[in-house]
Every structure is written in C-alpha cells, then in structure tokens.
Amino acid sequence: MLYCFGGSVLSSLMLAEPPVAFLAKGTNILLASSVWYLVFYCPQDIFYRCFAFLPLRLLVAGMKEVTRTWKITAGIAHADSHFKDAWLVMVAVGWARGAGGGLISNFEQLVRGVWKPETNELLKMSYPVKVTLIGAVLFTLQHSQYLPIARHNLVFLYTIFLVISKVTMMLTRSATSPFAPFEAALGHLFFGLQKTPSKLRSEGAASSNGSSVCDRSSEQHRDGVKKRQAKKTE
C-alpha cells in the first residue's frame, strides 16, 4: 500500500494533511489488494503469465503513464489551493504525487526490513522520477500562465511523450534514460569534464599493464644483449 499510494501519502505529509486519507477510498484499496493477491497467490501464476504477454504489458504501461500525468496536475492544483502562486510548493507536491512510489521507496523498504541506501531516488534518480519532475515544472509554469500553451495541449503532448518513451524502452529492453545525452551535455557545460572513478580505475589498470609490459620487454632486451656478449667472448 505504501508503494501503490506513496504519492498520496507523501503529498499529504507535505501539506500537513492526514497521510491515511487514501484509506477513505475503499474502491482503490480493494482494487490494489485484489491485484496484489492475484499477482502473488493466483493458482499456477495465471494472472502473472497473462500480463507477462508483451502487448498486455505495453497496454498497462501506457495506462500507468496516463495516470501519472493526471496525478501531477491534480497535485499542482491541490498545492495551489493551499499556497497561492507558490511555485516551489506546487512543483514539489506535483512531483511527490506523480512519483511518490519511487520517492518513498526507501521508507517502504525499511518497513519490509530491507535497507538499501544506494537506491535513494533523491541521490540517484530513475527515469520515472526525472520525467515526473520535468512534468511538474512544466505544468506549474502552465498553471501560473508563464508557459504560453493550453492545459489540454500540454497534457496531450506530455502524455504522448511518456507513453512513446516507455513503450520504446520496453520494446528495446533499454534502461538508458532518453535524457542521458542532455544530462551529459549539461554536466560538461556547467560542471566541467570530470572522469568517473570507473574510468580512472580502468585507465590506471591500463597504464600499470603497459608499464609492466615495457619492464618485461626491457629485461628481455638486456638478457639478449648479455647472451650475445657472452657468445662473442667465447
């Protein structure tokens, strides 16, 4: 439940509202519980095998991205009702509402008895968290009338981008974010060219290997010279 309704819990905490408000919607709780039971306890894993079929997986993934858009817009409108024209609050609540499951994942893991600090989404964001943050910024600008585009057009374009990128990543089985080239370019522009530790280690290993090869070749050359001098003296 924490993962399914993480956005509602996190946004409620940020706005000083009861974090258990999502429990009032019995239909959503029943639906989430039913899906959980069928995924893990359906006989012969029939339910899981049905949704492991690629066309169904693509359909469900597309539907999830559509709901992500509506969660972002609902979170921004809800934040604006509490804090009028507060940009940062609207972005934060919209981001939390749309990607709450990922942002709250560390707490959800702690509840299950698993602690993985290296998976902190605030330190190392996954693609869904990144694209949700971008969407929260765009919809906040549109809501504040600083982005000259109609709301329904922005919703349409953003949802189409989410669905196409998600389906493409699933079909190509790629975990690389579509924003990776832009992130690399901006990182080089604002923070300079800095090599990662893995590259430094690989270069260090290559240099050590090269130096060892050179040492071995020089020793072999000296041995050959000594042998030729010994033959001449004989």
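A: The account below begins with the helix and then turns to its surroundings.

This is a predicted model, in which local features need pLDDT of at least 70 and side-chain atom pairs count only at pLDDT 80 or more, while totals for chains, interfaces and linings use all residues. Residues are numbered from 1 along each chain as its sequence is written, and side-chain values use heavy atoms, with hydrogens and water left out.

The buried residues of α7 (under 20% relative accessible area, with exposed meaning over 50% and partly exposed in between, for a 1.4 Å probe and protein chains only) are Tyr127, Val129, Val131, Thr132, Gly135, Ala136, Phe139, Thr140 and Gln142. Their cover includes α4, α5 (87-103) and α8 (151-172). After α7 comes Gln145, whose phi is positive, near 65 degrees.

One of the covering helices, α4 (residues 54-82), also supplies the largest share, four residues, of a nonpolar surface patch. The patch is formed by Phe51, Phe53, Leu56, Leu59, Val60 and Met63, with about 550 Å² of accessible area together, as given by the Shrake-Rupley method with a 1.4 Å probe, where for residues only the protein chains shown count as cover. Patch members have over 30% relative accessible area and no salt bridge, with nonpolar side chains (Val, Leu, Ile, Met, Phe, Trp, Tyr) joined within 5 Å and like charges within 9 Å; a salt bridge is a side-chain nitrogen of Lys or Arg within 4 Å of a carboxyl oxygen of Asp or Glu. Val60 lies in α4 and counts as partly exposed because its relative accessibility is 38%.

Elsewhere, Leu10 of helix α1 (residues 6-14) is in contact (heavy atoms within 4.5 Å) with Ala96 and Leu103, leaving aside neighbours within four places in sequence. The C-alpha atoms of Leu10 and Arg97, 87 residues apart along the chain, are separated by 7.2 Å.

As for the loops, Ala16, between α1 and α2 (26-41), has a positive phi of about 60 degrees although it is not a glycine, and is exposed at 72% relative accessible area.

Methods. Helices (H or I, at least four residues) and strands (E, at least two) are DSSP runs, numbered from the N terminus.
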